[in-house]
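Try each task before reading its solution.

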Amino acid sequence: MHHVLVIGAGTMGTVHAKSYAAMQNVELVGIVDLRGERGRELAAETNTQWFASYDEAMEKLERVDIIDVCLPTYLHKTYVQKAADAGKHVICEKPLARSKEEAQSIVDYCSEKNVKLFVGHVLRFFPEYEKSRQLVNEGTIGNVGVARTFRGGIFPTAWNDWYADYKNSGGLVLDMIIHDFDFLRWCFGDVERVYAKSLLGRGFARIDYALVTLRFKSGMIAHVEGSWAHEGFSMKMELAGSEGIIQYDSAKEKPLIAVNRAKQAGMGGVAVPESPLRENPYFRELKHFIDCIENDLEPRVTVEDAVKAVEIARAALESIETGKPVTLV
């Protein structure tokens, strides 16, 4: 039985807490949140205890094996290090940090303390994205030359409105479309060059948009689009290869379709629909991390992956600020 303490009762803390509460080999031992009303509410929903601070939780709880950090990005380093100091394995929501250097320091700190660190890049656990990568690796659409992704929704609200403070969040590039950076790198390897444009700094209240072009070392090009100017949430993907195309749109009834041009011409299209509703991706991600701890396995998302995702996002932000492409070392 793994005893898990969740720090943060916001959107992701709620998702994670409810996932742990549904696992058979996990006991959710507490929720930490300085907002008493919200903390008590989530604790009641998940049949556990609420604590006003990390220190209070660690003092009162008899056993904690894993600490799950679901706090604003700028607080990740502080609380991951607190958990590592206590000798606890850590699960941390993405992005790991606001800079590559800070992310690497977190990784090094956990390694020095001999605790495992896992970072929640959950897109790798969405069935559509898993299947798309599988199809790419199997050569179903040949060599992929171009990819396009889109992720959009309304400007997020959160504790202390921290998403609206660029010093704390990094905007949608770091806090949202980093999902797509990680997925694309998972599929196509390392990125060589980044060029980006956005509304950053133009004074549009609670609206943001970015378009990021990635050139991979393989020569493949990806266009990653993000928007905080939409009602509702949706995500799209298009992977174009020499032999066919994979298309995904979360707003459609059959969101994932893979078509091989040769088969389409002779035998009809090959359609592969998958639904994220069959199994909660967050549950699958956290269960995977628990299994990695229990059986000392290499996670699907490594800490190196998490650092690389931050590096790409920071390169995009640098490109936005300078108006020039950024080459990654």
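The exercises below go from the backbone to the core and then to the aromatic rings.

This is a predicted model, in which local features need pLDDT of at least 70 and side-chain atom pairs count only at pLDDT 80 or more, while totals for chains, interfaces and linings use all residues. Residues are numbered from 1 along each chain as its sequence is written, and side-chain values use heavy atoms, with hydrogens and water left out.

**Exercise 1. Backbone exceptions**

Task: Find the cis peptide bond at Pro95, then examine phi at Asn47 and Asp296.

Solution: 
- Step 1. Keep the background in mind: most residues other than glycine have a negative phi, and most peptide bonds are trans.
- Step 2. The cis bond joins Lys94 and Pro95, with omega at about -15 degrees. Pro95 sits in the loop between strand 5 (89-93) and helix 5 (100-112). Here, helices (H or I, at least four residues) and strands (E, at least two) are DSSP runs, numbered from the N terminus.
- Step 3. Asn47 has a positive phi, near 55 degrees, and belongs to the loop between helix 2 (36-45) and strand 3 (50-51). Asn47 is exposed, its relative accessible area being 72%. The classes are buried (under 20% relative accessible area), exposed (over 50%) and partly exposed (in between), with a 1.4 Å probe and protein chains only.
- Step 4. For Asp296, phi is likewise positive, near 55 degrees. Its loop runs between helix 10 (281-295) and helix 11 (303-322), and Asp296 is exposed at 57% relative accessibility.

**Exercise 2. The nonpolar cores**

Task: Which residues have the most contacts inside the largest nonpolar core?

Solution: 
- Step 1. The largest core has 76 residues, and Leu117, Val173, Phe181 and Leu214 have the most contacts inside it. Helix 11 gives the largest share of this core, 11 residues.
- Step 2. Look around Leu117: leaving aside residues up to four places away in sequence, its contacts (heavy atoms within 4.5 Å) include Val80, Val90, Ile106 and Val303.
- Step 3. A second, separate core has 19 residues, among them Val6, Ala17, Val26 and Phe289.

**Exercise 3. Aromatic pairs**

Task: How many aromatic pairs does the structure hold, and why is the pair of Tyr54 and Tyr79 classed as it is?

Solution: 
- Step 1. Rings of Phe, Tyr and Trp (its six-membered ring) pair if their centres lie within 6.5 Å; planes under 30 degrees apart are stacked, over 60 edge-to-face and the rest tilted.
- Step 2. There are eight such pairs. In one of them, the ring centres of Tyr54 and Tyr79 are 6.2 Å apart and the planes meet at 80 degrees, so the pair is edge-to-face.
- Step 3. Tyr54 lies in helix 3 (residues 54-60) and Tyr79 in helix 4 (residues 76-85), so the pair ties together parts 25 residues apart in sequence. Tyr54 is buried at 8%, whereas Tyr79 is partly exposed at 23%.
- Step 4. The rings of Tyr129 and Tyr248 have centres 5.3 Å apart and planes at 75 degrees, so this pair is edge-to-face. Tyr129 is in helix 6 (residues 127-137) and Tyr248 in strand 12 (residues 244-249), 119 residues apart.
- Step 5. Tyr129, Phe183, Trp186 and Tyr248 form one aromatic cluster.

Technical notes: Core = buried A, V, L, I, M, F, W, Y, C linked by side-chain atoms within 4.5 Å.
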